[in-house]
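These are my notebook entries on a structure that I examined chain by chain. I set down what I looked up and what I found.

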Amino acid sequence: MAAEPLRAVRRKLPTYLVVAPFAIVLAFPFYWMLVTMFKEDLDLYNAQNVPYVFNPLQWKFWESATTKHIEFLFEDTQYTNWLVNTAIVGVVVVAITLVFALPAGYALARLSGSWGQTAGIGIFLVYLIPPTLLFLPLSPVVARLGLQNSLLSLILVYPSFTIPFATWLLMGFFKTIPQELEDAALVDGCSRIQALLRIVFPVSLPGILTVVIFAFSLCVNEFIYAFTFISSSENRTISSGVPNELIRGDVFFWQSLMAATLIPSIVLALLYNSFLDRFIKGFTGGAFR
Amino acid sequence: MLENRRVLAPLLIAPAVIFIGLVVGVPFCWAIYLSMTDAIGGSLSGNWVGFDNFTTAWSDANFQKALRNTLIITFASQAIVLVGAAVLSHYLIRDFRGKWFLRLLIILPWAAPVALGTLGWLWIFDSLFSVINWTLGHALGVVDPSDPPQWLGRPNLALLSVIMVQAWRVLPFAVIIFLAGLASIPTEVDDASQIDGATGIKKLLYVTLPLQLPIALVALLFGIVFTAADFAVVYVLTQGGPFNSTQMLTTWSFQIGVNSGSLGAGAAISLFLFPLLAVVSIAMLFFARRAQVS
Amino acid sequence: MSETSSELDAQGTELSRGDVLKRAGAAAFAVSMFGALPDKALGFYGPLRYQHKQLAGELKILQWAHFVPSYDQWLDNTYVKQWGEKNDVEVKIDHINNALLFSTASSEVAAQSGHDLYQFISPPSSFQKQVLPLNDIVQEVTKKVGPMSRVGLRSTYNPRTKAFFGFPDNYAPDPVQYRRSILAEADVNLRTWEDVRKGAPKLKQAGHPVGLGMSNEIDSNMMLISLLYCHGGFLQDEDNKIVLNTGSSRKGAIEALELMRDIYRNGMSDEIFAWTAASNNQAFLAGRLSMTLNAISIARSAESSGNTGLSDDTWLASIPRGPVTRLGNEHVMGVYVIWRFAKNKEAAKKFLVDQQLGYREHFTRSLYYNFPAWTGAIKGGFKAIREMTKQDTHKPRGKYTILTTIAEKYTTNVGHPGNSNAVIDEIFNRYLIPQMFAQVAQGKTTPADAVRDLDREAKTIFRKWRNAGLV
């Protein structure tokens, strides 16, 4: 009986040997950010110091550290506003994306026959047009609609890349749902639209969750539009607000920059991680049983 | 009437198409028009010059380097991503103690907004305070602490740094896609391979990898698009330096179109990216469909 | 960081944070959604009081985020508010990171809408056609306080169109900042560039190399262009023709390139190719560099860091003399433009005039970073300015007075002896000069070839802008 756990560990050992190094290398910059954001200036800007710990090195290591950079971030910049703005833009754009992409993805997967494939590729190609090309021609559009310096400008423009992306992904997901499910519903007397709403969408929940996560991350990452369409500090998102205000001329507020990056990263990673289990379960369970 | 496929399909697709047409199509056409003029200084019109901007760009050494870099950075970083994600997902699909936490760490790079995460790397690669150099120099004694490698100052190292950061941030995304693909492999296939005696490495090579091919192609495709069309990483890390050795098409078009005021020329450079990605995408989608096991 | 700053900020942002955080989702959504409304609802600057005077309305200003945060705070919360009340205008001022001034300007021009006043930190010659000529207010200020400085004139006047495309507001001189004790110990002085060349290896040996960057950033750009001047290597002549590869310019440029290559090989390390604008600051503040060229942000950061050992030992000096002359660039040239699509041109013009005429307080509040473009804007000119800089209490006493000498005698515009025109603007923004120096230093090309290549490139750029009618 004592050999049981040992065998289990031996079996799992290769797993840990592979996964752990990856995890360490990938997450190392974040550990680095965590340490840096609490460092005193004199500690940080001393090339002789050991960078992984707080100097002067002591037992009560927190006494060599400081929270003043984090206080600066929250009190002397508009960081809270930026976080809220980013969240608002993300949520609204994802909602808009689903409204447009769900029907389109379904139609392309099921209803369009041969030209569906071509249309699908066409939609994906739209996604390839880079924002560095479009941001200048889009500026007069945004201005004429009176949306300059407003979050609405981003809410209008972001779906231009999330919708193609989402439509394409959803098309793929809908194709993996067996036609039999819908046919069964139709036989039972449902209209196509009812079948869509009552059978197909619930079963494709993992796919929808995937699209939500990816579309949200596209919005949070976006940088160029966020910077050019919004110029007032309080209306910015984190991607444009942080580099704008924490880099002044030739002075980088490194500690605050690290804190500003770490906070949303951890929150988003926790969010994604929780969703991940759900949608993987959805793949193994659900429609295939 | 709504039951009719022919009516329902276009009806469901129309909103998306109209939206895209207006918000992307119109500016895109305008950008194409701009690329054929000599527009400068932020104005949106200029004199017609036909394909001059394209030919000038093509014969410019900096453009050629930007094109080469786009290809190198994309394919090098995505090769790393592909191999890493394939291996990692194979082990992450299992259950083990601490999986949730390790997975959290793995997701972090992708969760960080790209501009901010790259700022973190800027500090990691700093010319004086680089933690990598400190570790290599003071801790391991592998390099001379007073003249450590300049990750952003030497052309080859700078290119390598960009590749590393791109691989770092795309890897978690690819892992997630692979996990989804692995999880969707029907259990019958699993059982069948067990019966046939294929386990461990054999299973990996002869069962899992082939089945993963379509999903791998999708992950690769997205990774390629994320990297080739990316602006933030190069812009924040090197601004295209040292002396334009890490320019990509996106950053070079920004440099020419915005910082130098040659709007038409910048638009032309940007437009080179589109057919490049289109060709790659179509090719990969074609292969993905062929590789799909129905 | 300080209590006052958070206090002041809290005042201004109180309503916005309150609105967004306290109210429920829908209300928060509504507030941040509708374009113009947040500006009124947030009431940063209070409601308009006198509705019917001539200048009533709104004035929108965009400028860079000054490296002295307290200057921006004073500007935003005191100066513009007071000016606004006196002139019945609601002033809104935004700050952005200087690296993005050009792209944001491009997008405003593309949109034909945005701010009224836009400040650049280098002469925005490429936007000439998009802005109002400002000859009238230039004349108004000149009439009141005397002629503007040469650097202001050459930065904003286009001799071909005979128009001032921008209003020069301020400039920052670019002094050498050095560690006196380290230089004394190594027995190095900085009188001429030859001294620097000879002293660099000694300083490197002492563990405190010189910090002369060759990267794609503003410090390298300014320093290397100044180095060219000192050796007589001029990009263009008085009439704005490209002359880099001819005669004495060619000789001077080659000498400068060889000098930097020498200094790099014997006195510096690879890090100088990977610098950002902050790198020389950080390296100096870490105690590593013995000297560098930069605006006084380094000296001021040293003072505020609390490291008196370092800040008391940090002295200022003028740029070393070269074989031909001693001349340096302004580190920052603050030029305002008024877009043609600006909504409140009258208020914009008055703002610029009033700001320049009252520049004394801007000078002190910016901790001597901003010198006025019209020296006479501060009564008593350079003499008075020198007295003011003497008042600074940081040790060594009187160290900032050299700033006045530099501003008076050794500061010129980028593109000297010609104007800072669109050609120079593009060469500057594309970092062609640091790239040339870096390539020579890294042995990728010879000085003669590099000069010839840059000359060729410059002439191509010249042709482009000549066709556009701007040079």
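**Entry 1: Cysteines**

I looked up B:Cys29 first, and it counts as exposed, with a relative accessibility of 51%. The model is a predicted one, and I keep this in mind for every entry below. I then turned to A:Cys219, which is buried at a relative accessible area of 5%. The reason for the two labels is a cut-off: a residue is buried under 20% relative accessible area and exposed over 50%. How many disulfides does the structure hold over all chains? I found zero. For my own reference, a disulfide is a covalent bond between the sulfur atoms of two cysteines.

**Entry 2: Chain B**

I asked next which elements make up chain B. Chain B has twelve helices and zero strands. The chain has 294 residues, and 61% of them are buried. I also looked up contacts in chain B with a separation of 6 or more: 65% of these are between residues 24 or more positions apart.

One residue of this chain received a closer look. B:Ser253 belongs to helix H11 of chain B, which covers residues 249-259. Is B:Ser253 buried or exposed? It is buried, at 4% relative accessibility. Leaving out residues up to four places away in sequence, I noted that B:Ser253 touches B:Val258, B:Gly266, B:Ile269 and B:Ser270, as well as A:Thr132 of chain A.

**Entry 3: Where chain A meets chain C**

I then examined the interface of chain A and chain C. On the side of chain A, 41 residues are in contact with 48 residues of chain C. The two chains bury about 3700 Å² between them, and 56% of this is on carbon and sulfur atoms. Which three residues supply more than any other three of the area that chain A buries against chain C? They are A:Asp76, A:Arg248 and A:Asp250, which together supply 17%.

I counted zero salt bridges between chain A and chain C. Eight residue pairs are in polar contact across this interface, with both residues at pLDDT 80 or more. Several elements of chain A give two or more residues to the side that touches chain C, including helix H4 (79-111), helix H6 (131-144), strand S1 (247-248) and strand S2 (251-252) of chain A.

Strands were my next subject. In general, strands of a sheet pair through backbone hydrogen bonds, either parallel or antiparallel.

I began with strand S6 of chain C, residues 167-172. Six of its six residues are buried, so this strand is largely enclosed by the rest of the structure. S6(C) pairs with strand S12 (residues 332-338) of chain C over five bridges, in the antiparallel sense. In that pairing, C:Pro168 stands opposite C:Val335. S6(C) also pairs with strand S13 (residues 371-372) of chain C, again antiparallel, over two bridges. There the bridge partner of C:Tyr171 is C:Phe371.

Strand S3 of chain C covers residues 117-120. C:Leu117 and C:Gln119 point one way from it, C:Tyr118 and C:Phe120 point the other way, and all are buried. S3(C) runs antiparallel to S12(C), to which four bridges join it. One pair there is C:Gln119 opposite C:Tyr336. S3(C) is also joined by two bridges to strand S1 (residues 57-64) of chain C, and these two strands run parallel. In this case C:Leu62 stands opposite C:Tyr118.

**Entry 4: An open sheet in chain C**

In what order do the strands of the open sheet of four stand? The order is S8-S9-S7-S10 in chain C, and the pairing is mixed. Its edge strands, each pairing on one side only, are S8 (210-211) and S10 (314-317) of chain C. S8(C) runs parallel to strand S9 (residues 291-293) of chain C, with two bridges joining them. I recorded C:Thr292 in S9(C) as the bridge partner of C:Gly211.

**Entry 5: A helix residue in chain C**

Last, I looked up C:Thr78, which lies in helix H4 (residues 69-87) of chain C. This residue is partly exposed, with a relative accessible area of 29%. Its C-alpha atom is separated by 31 Å from that of C:Ala111, 33 residues apart from C:Thr78 along the chain.

Note on methods:
Residues numbered from 1 in each chain as written. Chains lettered and ligands numbered in written order. Predicted model: local features only at pLDDT ≥ 70, side-chain atom pairs only at ≥ 80, totals over all residues. Heavy atoms only, no water. Disulfide = S-S within 2.5 Å. Buried < 20%, exposed > 50% of the residue type's maximum accessible area, 1.4 Å probe, protein only. Pairing = 2+ DSSP bridges. Contact = heavy atoms within 4.5 Å. Buried area = accessible area lost by both parts, 1.4 Å probe. Salt bridge = Lys/Arg side-chain N within 4 Å of Asp/Glu carboxyl O. Polar contact = N/O pair within 3.5 Å; in protein donor to acceptor, adjacent residues only side chain to side chain.
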